[in-house]
Amino acid sequence: MNKKVLRPYFPLFALPTFIAFIIGFIVPFGLGIYLSFCKFTTVNDAKWVGFQNFKDMFKDPEFIHALWYTALFAAVSVVTINIFGFAIAMLLTKGIRGTNLFRTVFFMPNLIGGIVLGYIWQLIINGVLAKFGYTLTYSEWYGFWGMVILMNWQQIGYVMIIYIAGIQNVPGELLEAARIDGATNGQVLRKVILPMVMPSITICTFITLTNSFKLYDQNLALTNGLPSNRSELLALNIYNTFYGRTGYEGIGQAKAVVFFLIVGVIAVTQLILTHRKEVQQ
Amino acid sequence: MKNLKKGIALAMAASLSVCAFAGCQSGGETSGTATESTGGESTAASQADTGSAEGGKVYYLNFKPEQADQWVELAKTYTEQTGVEVKVDTAASGTYEATLKAEMAKENAPTLFQVNGPVELASWKDYCYNLKDTSLYTNLKSDDFALIDGEDVKGVAYVIETYGIIYNKTLLNKYFETDGAVVSSVDEINNFDTFKSVVEDIQAKKDDLGIQGAFTSSGMDSSSDWRFKTHLANLPIYYEYKADNIKSTSAIKGTYLDNYKAIWDLYIHNATCEPTMISGKTGEDAASEFALGEAIFYQNGTWAYGDCINNGMSDEDLGMLPIYIGGEGEENQGLCTGSENYWCVNSKASEADIQATLKFLDWVITSDEGRDMLANQMGFVTPFTTFDDGYQADNALIKAANEYIAAGKTAVSWNFSTIPSEKWKDNVGAALLDYAQGTGDWSAVQTAFVDGWATEYAAANAGTESPDA
């Protein structure tokens, strides 16, 4: 009865959210795409230039650098975060003492904001490197591993929680049956647990992959692109192009559109690929 | 019953959407006076209504965070006297360009903003009101202090600054008293070779002098790298322009790059830290090293005075030397003096707002309150004739600058305003850092300096984007 009463008002109830969605997402998104075809200084005073921005974008060596640097960073951190996260989840589902305490401790870094983490790790890493007469910004690879460590520290706890939920959902009968059939620990892991937690893996790779690609605040706080923009990930490169270079606002916007497409394509591909491997219980 | 429920549901839905609409509406309407979230901002509008109704209002987007509070105070005084609303907003350090871009897109855009020279002017010139017939321009001492685009005066400098090598007088005198000091008085340092031997001798005696190094760290963090990729780079550019008798160029030759290398070597090898550490050193690091007496020499300008004093130094500690790089006739070289702060009035603001802004600026440079604030409180050396009768800023560093002029030395002009783009500076800075760390060699600096100039000049002038129609 309730449903019947409310149904005619569905549009009315949805309206506020819908309007907010239009103002907060659809309009800026459309405007953003429009602006990527324009030359402008302020966003409300733009001149149409067609595909010029997209052509100029690839003439910028720093963008190309940021592109593969980000891809490499994403690859390394997705692998490390998921392997470590999964390993810790396995450990913490064995019923060892203090499991809950450890889970909390591992999860906690995730509650701290990226900027704060960035500065904290900058202090730690610089403190260690100073002993050897170097700094984090000595070369882009110091910054690279710095960011990998930082992201691992921050995200392992998060994916760990998801994996723990996945592992605990593996039916006990399955494990028992495997044992009775004489499966080794390795076989149980590969043939039973991994296929059963595939949905968790899908989610975790999706989260870590998109997070790594979109990483901005940790990058800003840890290295700010130093030395000379070579440790710049894509998001920071786009920001710096838009705000840092006079006359490059349109190009920055074009980069942002391309960035969106790249992240979208990669994320969807990954979802489809890992989703296929999931088994129905 | 059914009707009641229906009624309640309708009412709730209606009120929800009304709230949402009201939310957007009020946001749009009050954006002029509402407090926005852009850094330290305040509205000095005690009589906002009367002010805006009659003669327009002023919105100044200030560049210098050091003087943020003083501008607000000055705006308040003006509002009290005239009833005209003056809003002062200061962009957080290093975010001026970003803030300006965002603010300019708003309905109540800044009526008064600033650009840092001809290169930045290029992107804002469509927004710059012609100041030719204003008191701001007519009171200007020389056209050198204006940004002139064809016939139009697009920007007027409001502060003249000077940089060089600031030194700690007390510590330097201590050095002069050591055995075998290369020179015995700072007056004897008037060329690169002498300066170099003094620096190297100080570095050798650093433990006796109780310092960490002759120079403060040459930090290549973005808070400090402009001291080298821009200000220090000005010297080789200056000497090349002087030798070729030109004021700007589309292709620099790099005649004085060896001198640039020599002074850079001197900076990085006689400093408080190893060259491999400089990528992470900040402007504050250098400032505190200098103020704490860990180093004697510190390349910076008159704007650093406040930092030095706030960190416990006194006027007697401070002196400034020209940056000698070994150019011809450098015995007569003075400090580097110029401006990179130009006021521009937003030509896209309403006529009433433009007039209000011009009136405000006129008041700032002619009234006692305005002149006192600029010269005495903010410590600005201004290029306006109206300040000549007793409104001269006075601090140890400005005094040092004036002494060099009085002694007949030629001030080095700020030619870095002719550098084709920020990108050029970044590339030179990157190459300088690589060279210092040993991860690259000097030829990369040469490439960035010479070839980079040509490419960036071409990009900036041909327009990588479509030409302005």
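Just past helix 11 of chain B, Asn245(B) takes a positive phi of about 60°; helices here are DSSP runs of H or I with at least four residues, numbered from the N terminus. This is a predicted model, where local features need pLDDT of at least 70, side-chain atom pairs count only at pLDDT 80 or more, and totals for chains, interfaces and linings use all residues. Residues are numbered from 1 along each chain as its sequence is written, chains are lettered from A in the order written, and side-chain values use heavy atoms, leaving out hydrogens and water.

Helix 11 itself (residues 234-244) is mostly covered, with eight of its eleven residues buried (under 20% relative accessible area, 1.4 Å probe, protein chains only; exposed is over 50%, partly exposed in between). Among them are Pro236(B), Tyr238(B) and Glu240(B).

Over on chain A there's a nonpolar surface patch of about 1000 Å², with Met108(A), Tyr119(A), Phe132(A) and Trp153(A) among its members. Helix 6 (residues 114-130) gives the most, six residues. Trp153(A) sits in helix 7 (residues 140-168) and, at 38% relative accessibility, counts as partly exposed.

The second largest pocket holds about 540 Å³ of space. Closest to its centre, of 21 lining residues, are Lys59(A), Asp60(A), Pro61(A), Lys423(B) and Asn427(B). A pocket is an open set of 1 Å grid points with protein on both sides within 12 Å along at least five of seven lines, and lining residues have an atom within 4 Å of a point. The lining divides like this:

| Lining class | Residues |
|---|---|
| Nonpolar | five |
| Polar | seven |
| Charged | nine |

Note on methods:
Patches are made of residues with over 30% relative accessible area and no salt bridge: like charges are joined within 9 Å, nonpolar side chains (Val, Leu, Ile, Met, Phe, Trp, Tyr) within 5 Å. Accessible areas come from the Shrake-Rupley method with a 1.4 Å probe; for residues, only the protein chains shown count as cover. A salt bridge is a side-chain nitrogen of Lys or Arg within 4 Å of a carboxyl oxygen of Asp or Glu. Helices (H or I, at least four residues) and strands (E, at least two) are DSSP runs, numbered from the N terminus. On a 1 Å grid over the protein atoms alone, a cavity is a set of points where a 1.4 Å probe fits but cannot get out, and a pocket is an open set with protein on both sides within 12 Å along at least five of seven lines; lining residues have an atom within 4 Å of a point. Grid points are joined across faces, edges and corners, and a volume is the space filled by probe spheres set on the points. Ala, Val, Leu, Ile, Met, Phe, Trp, Tyr, Cys and Pro count as nonpolar, Asp, Glu, Lys and Arg as charged, and the others, Gly among them, as polar.
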